[in-house]
Protein chains: 4
Amino acid sequence: MTDLSPIADQLTAQAIELPSWAFGNSGTRFKVYGTPGTPRDPFEKIADAAQVHRFTALAPTVALHIPWDKVEDYTVLRRHAEDHGVALGTVNSNTFQDDDYKFGALTHEDAAVRRKAIDHHLECIDIMHATGSRDLKIWLAEGSNYPGQADLRGRQDRLHESLSEIYARLGDEQRLVLEYKFFEPAFYHTDVPDWGTSYAQVSALGDQAMVCLDTGHHAPGTNIEFIVMQLLRLGKLGSFDFNSRFYADDDLIVGAADPFQLFRILFEVVRGGGLNNPDVAFMLDQCHNVEEKIPGQIRSVLNVQEMTARALLVDREALSAAQQSGDVLGAHAIFNDAFYTDVRPALADWRESRGLPRDPFAAYAASGYQQRIAEERIGGTQAGWGA
Amino acid sequence: MTDLSPIADQLTAQAIELPSWAFGNSGTRFKVYGTPGTPRDPFEKIADAAQVHRFTALAPTVALHIPWDKVEDYTVLRRHAEDHGVALGTVNSNTFQDDDYKFGALTHEDAAVRRKAIDHHLECIDIMHATGSRDLKIWLAEGSNYPGQADLRGRQDRLHESLSEIYARLGDEQRLVLEYKFFEPAFYHTDVPDWGTSYAQVSALGDQAMVCLDTGHHAPGTNIEFIVMQLLRLGKLGSFDFNSRFYADDDLIVGAADPFQLFRILFEVVRGGGLNNPDVAFMLDQCHNVEEKIPGQIRSVLNVQEMTARALLVDREALSAAQQSGDVLGAHAIFNDAFYTDVRPALADWRESRGLPRDPFAAYAASGYQQRIAEERIGGTQAGWGA
Amino acid sequence: MTDLSPIADQLTAQAIELPSWAFGNSGTRFKVYGTPGTPRDPFEKIADAAQVHRFTALAPTVALHIPWDKVEDYTVLRRHAEDHGVALGTVNSNTFQDDDYKFGALTHEDAAVRRKAIDHHLECIDIMHATGSRDLKIWLAEGSNYPGQADLRGRQDRLHESLSEIYARLGDEQRLVLEYKFFEPAFYHTDVPDWGTSYAQVSALGDQAMVCLDTGHHAPGTNIEFIVMQLLRLGKLGSFDFNSRFYADDDLIVGAADPFQLFRILFEVVRGGGLNNPDVAFMLDQCHNVEEKIPGQIRSVLNVQEMTARALLVDREALSAAQQSGDVLGAHAIFNDAFYTDVRPALADWRESRGLPRDPFAAYAASGYQQRIAEERIGGTQAGWGA
Amino acid sequence: MTDLSPIADQLTAQAIELPSWAFGNSGTRFKVYGTPGTPRDPFEKIADAAQVHRFTALAPTVALHIPWDKVEDYTVLRRHAEDHGVALGTVNSNTFQDDDYKFGALTHEDAAVRRKAIDHHLECIDIMHATGSRDLKIWLAEGSNYPGQADLRGRQDRLHESLSEIYARLGDEQRLVLEYKFFEPAFYHTDVPDWGTSYAQVSALGDQAMVCLDTGHHAPGTNIEFIVMQLLRLGKLGSFDFNSRFYADDDLIVGAADPFQLFRILFEVVRGGGLNNPDVAFMLDQCHNVEEKIPGQIRSVLNVQEMTARALLVDREALSAAQQSGDVLGAHAIFNDAFYTDVRPALADWRESRGLPRDPFAAYAASGYQQRIAEERIGGTQAGWGA
């Protein structure tokens, strides 16, 4: 049995934010499948998210998406969350579902559209004050589909201007995190396609602006852990959006497609001082198109936890010695020894010792929660990712 | 001015089938933008498609998608098309939008679901008899999202069984064309992901089964013209779905992303005897998410025509001599000389000589059609791609 | 401790062929680094390969590369191998290092060059009779660098003719296996770029011709286990060339880049009846540019063994039940449960029980072999991969 | 005939630096083919490069690679160049062909190896003073092949230290340009893999440090013109290494693989003020593995010139109006109108008007230079790229 005691404090401190939209229906451009019990409003989403925390103690906060999670009174929502044992987290803006934004939002040629998009972000900041959220996360769906359609440079300059105005509104304890994405929904150019662009833009804003790294938003073959290392080194890694992919931005369960990559990423997080560091938020951003949603989120946070444990188990002293002596196979073996260690039994013990179920899936299934929501949540419109 | 007279017969013979769904709204999983004048039923789609043919003489047939284009009486639809100067073409089946198909259709573990999916195809064949269509095109959205989720082998075997039953129902003059697609909507495995799989499956059926090559359905870096060459050589290239892409299956206007690739593809078509060969159907399969739809289709058929003209202009005798002598730069130059030739003025003349407008875009704009449909098509539900 | 007894017979039967060239120096177009003790002739390569078998009992045969491993008398080489406890295996031809082959070999426009290339293969078959080898493996480096440079179709037809002549010379117990490769050394087109082309070509030859799947020879994102499944289903998977890659054809140690992918591949081998099936040869084809060579090969065969054990441990009955019921997360979990199982301690026991060292690396290091060859192999020209 | 007079000044000002190594033999890890007449020393390389300039007036300078182009007395080399009508340009360092650099140079764990690598760069700066070169171009082949092999973060920090020392030695008029490369020769991680890393590193150095963008060094699907736009916007685009690719870093003739991409890149250069801007050096960095070298370079500079002319012909006022009005197809058409314009006849006229040959290939062939060098350059060792 693996001895987790040297890393127990770090495991206990770990917190992964859940996205409210993971509990709604999601799909592809071809079809979105619905499921019984899908939440119909932000309150039900938070209730579902709280189940993940209840069985894992890993997910104490829930990220909101505005306007999907708009409510009359955020104090009520905040209290609702607290009543369920969780807190409200990052606020995500949305400038990709209004007809005005067909050709851009913060980058639009038309100042009136930019004004509207900026105002939306200012509203988000107001909401953050009500919810007690620290981070405003901005993902830009903006770009173009055809060469010549857009003025790449003008858009980049306007992006800077728009972000500057939003940044100026942040409270002292608040942050702006700017996500980048290789492509989609735009198919020729995207206004923030890579970490370099996000880094250049946030660096021009100031210390409260950081980069958000979504693990699914890179070109094929990209060494993501290298980027993690670099952003930590530059002091600009603000948050992770965890998920996994085989092809494009598949938004699969984190660690499902390439567990070894997740291990390498988490090793660089540990190496660079990013673990349980308040500057580096861990979040999920993924969909459950065909699998059950609450168990899907449980699977996700456990995947992150298990891989974090493995990353913490790397014998870094021995690794460093092997690296310094040019022992390629030796260093690789020390690194992989941690990856191939089966930490699951020890983590079950660790859960048990904290009053948590050894098997969170079985415990969730036995709880009857799924049946209850399937029965109770009849009528109304099921919430959807992307809607 | 380029002399097109040696290739005029081939230009005149060229026909490119339009997809009815290109005239409906389309988009991404994030958002579908609507436009004024979007058709609300198959009749309006065909009327729009006929405009493309009217101004280019390149698009005499329209492909249908069942059930999107279901009507009470296909004889009426057929006559409607003829009244507009076009004919009905390929029938496309759809097994990806019914809840039963969440985990597969022709490959499903459950025989009842397979039965339903097979029956849908038999119905499509019935419709083909009514519409006078020759080709049944099958694109399978089937696959899985997570390793272990599905039994890859069992699905492949069941696919063969299902296709066999459909194939057996074909009339003597009918064909089954099987499309392949690298990924999406499934993100881990797709049941017909590559030309090799489609080729193996259709070869097991018989001479009336062929491969459909969609130019957007390949892995990054794939040499598509090589596949065109190979399928023509093997006698199994049944049809093209033309479009273009920068990243995934972007479904952009054919030739918009990499015109040189389109040139190379059309050169192999010419080289392999696939041009104006009834065995090799030319079709578009693309979306117009942000651009106007009818002009978008006009742009597309002109792109195919212009690149076909360039491919026909390659001095194949000189090319062959250069190839045989190992003259790398000489052969490349002869090949590229055709690509860099500006055929547009000569094609405008050619159009004029046939009573067509020199500038189809200007003619379409001047026709007032767009304004008319925007005014007339009020109310009802706009047709959508993927809906 | 994992119980390996239910799979012990299969582990005992496993055999992985080593490539003689893995023991020579290799590198990139930029630089090849030499190492002390590198073999200078085929005899020394075989002696090195025998070390891998000595400490793992997994590598009873050694593949040859002609002309790199040409010797006066193959009976002597064969006996040399037997004296070292191994046998000679697959013969690999080479048509990419002679000036005549600059523009092709089996596909060349010039019949005289084709003749030479065909004769080389006939000579390889003669050698196979002398060495007792069953398989002739053909990898074609042929292709072109510039569009227009080559006649893709003509080359494909000539390839068929050349292969037919080679195939006709095979003895009744011999096989031809045709490898495919996405790109490199040619950068525009490759004459056998994908499994579909290899499958079409070998199917046209006959039952003794099979496909060789090199795990590093695919486009980014390709689902390789799907191809494994398909070729097994079609009865045409002749052999594996195992290695791994992050980008192009990196030729890294098998399993080093994406261990989960190797697991999925081996699961499909098991699922499709390809394990310990004489029709499906397991071979390594990789380089050790910066790491030690003999330990690099030990690492490789152990990686295959460990992942084979995991693949065999999948609870296929439970998996099948979960798949049939559409339990996505359940099926994925059953599949992954085997992947995350740490089989290493049990495999160490298994080795011990067979008189093998628990730790083959430590045993090799303790044997003093490396020091001995570094001291003895002074002078002469070190063997090189690609030279 | 296209009217080039509005852009004639810009065409006349255009200058593209040639790499001395393009005239030596190059190839892949599998084979390097030699050709008659290949230069045997830097003097012969420069003589060959001067031929390209003689027939095109586009290539007035030649980049050197140290130590490949080391000579006793750089004043003599400089005069030799001037005698041939060209000047010496950028100096490229080389830290990838010495055994000491197996595990890194500027990033090596061992201070002694770093010292050696830094000293090599200081020597390059000394040479630059002698040759009159402005730019020191640094491409780092450094990285690792296996996860765990190297300490990514430590290497990045050491890279900064090493570069700082080199930077400090630059003369006031000199610059350091740092190239990035996605992968190869390292296969797991590369120390400067992307523009973001190069940008972060050079920004930390100072105003005389800039990014070098090699058009072949990106992940599949990367929008390179976006990076061009961004680096120009940030004031950090120091130079281009032009070439083209289908797959990896193929180093093919610029514009040969995707001419439309080259057009888009050059449009952004024009748009961002990078054309004929002394801050942005145009260089070639490509190989001629199978084609003739001097004609290959002539082809390359003409490709850049032709595409520059097209980029300059874009009707930017009309484009801007279409972009502002959201006219997707209109803007795309204006953009493409320039791309599809056949500028070759007008450029032939332009050449003639400047006393240059209409057809530089024919003129070169007629000059007898190739035959002369093939006859004269017998004996000695042919220069090689990568050797």
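## Exercises on charged residues and a chain interface

D:Lys293 has its place in helix H9 (residues 293-313) of chain D. The structure is a predicted model. Its scores are ipTM 0.98 and pTM 0.98. For chain A the mean pLDDT is 97, and 99% of its residues reach 70 or more.

### Exercise 1

Find which side chain of opposite charge is nearest to D:Lys293, and state what polar contacts the side chain of D:Lys293 makes.

Solution. 

Step 1. D:Lys293 is buried. The nearest side chain of opposite charge belongs to D:Glu291, 8.2 Å away.

Step 2. A salt bridge needs a nitrogen and a carboxyl oxygen within 4 Å. D:Lys293 has no salt bridge.

Step 3. Its side chain instead has polar contacts with the side chain of D:Asn25 at 3.2 Å and with the side chain of D:Thr35 at 2.8 Å.

Step 4. Leaving aside neighbours within four places in sequence, the residues in contact with D:Lys293 are D:Ala22, D:Phe23, D:Gly24, D:Asn25, D:Thr35, D:Thr38 and D:His288.

### Exercise 2

The structure holds 132 salt bridges over all chains.

Solution. 

Step 1. The N to O distance between the side chains of A:Glu225 and A:Arg264 is 2.5 Å, a salt bridge.

Step 2. Buried means under 20% relative accessible area.

### Exercise 3

Take the salt bridges B:Asp135 with B:Arg175 and D:Arg169 with D:Asp126. State where each residue lies and how exposed it is.

Solution. 

Step 1. In chain B, the closest N and O atoms of B:Asp135 and B:Arg175 are 2.9 Å apart. The pair links strand S4 (residues 135-138), which holds B:Asp135, to strand S6 (residues 175-179), which holds B:Arg175; the two residues are 40 residues apart. Both are buried.

Step 2. In chain D, the side chains of D:Arg169 and D:Asp126 form a salt bridge at 3.9 Å, N to O. D:Arg169 is in the loop between helix H5 (152-168) and strand S6 (175-179), and D:Asp126 is in helix H4 (residues 111-131), so this pair ties together parts 43 residues apart in sequence.

Step 3. D:Arg169 has a relative accessible area of 40% and is partly exposed. D:Asp126 is partly exposed too, at 44%.

### Exercise 4

Describe the interface of chain D and chain A: how many residues are in contact, what area is buried, and which element of chain D gives the most residues.

Solution. 

Step 1. On the chain D side 53 residues are in contact with 53 residues of chain A.

Step 2. The two chains bury about 4200 Å² between them, 61% of it on carbon and sulfur atoms. Within chain D, the residues that lose the most area to chain A are D:Arg153, D:Phe226 and D:Arg233, together 16% of what that side buries.

Step 3. Between these chains there are four salt bridges and 20 residue pairs in polar contact. A:Arg271 and D:Asp151 form a salt bridge, with their closest N and O atoms 2.9 Å apart.

Step 4. On the side of chain D that touches chain A, H7(D) gives the most, with seven residues.

Technical notes:
Residues are numbered from 1 along each chain as its sequence is written. Chains are lettered from A and ligands numbered from 1 in the order in which they are written. This is a predicted model: local features need pLDDT of at least 70, side-chain atom pairs count only at pLDDT 80 or more; totals for chains, interfaces and linings use all residues. Side-chain values use heavy atoms; hydrogens and water are left out. Helices (H or I, at least four residues) and strands (E, at least two) are DSSP runs, numbered from the N terminus. Buried means under 20% relative accessible area, exposed over 50%, partly exposed in between (1.4 Å probe, protein chains only). Lys and Arg count as positive and Asp and Glu as negative; His and the chain ends are not counted. A polar contact is a pair of N or O atoms within 3.5 Å; within protein, one must be able to donate a hydrogen and the other to accept it, and residues adjacent in sequence count only if both atoms are side-chain atoms. Contact means heavy atoms within 4.5 Å. pLDDT is the predictor's confidence in each residue, from 0 to 100. Buried area is the accessible area (1.4 Å probe) that two parts lose on being put together, summed over both.
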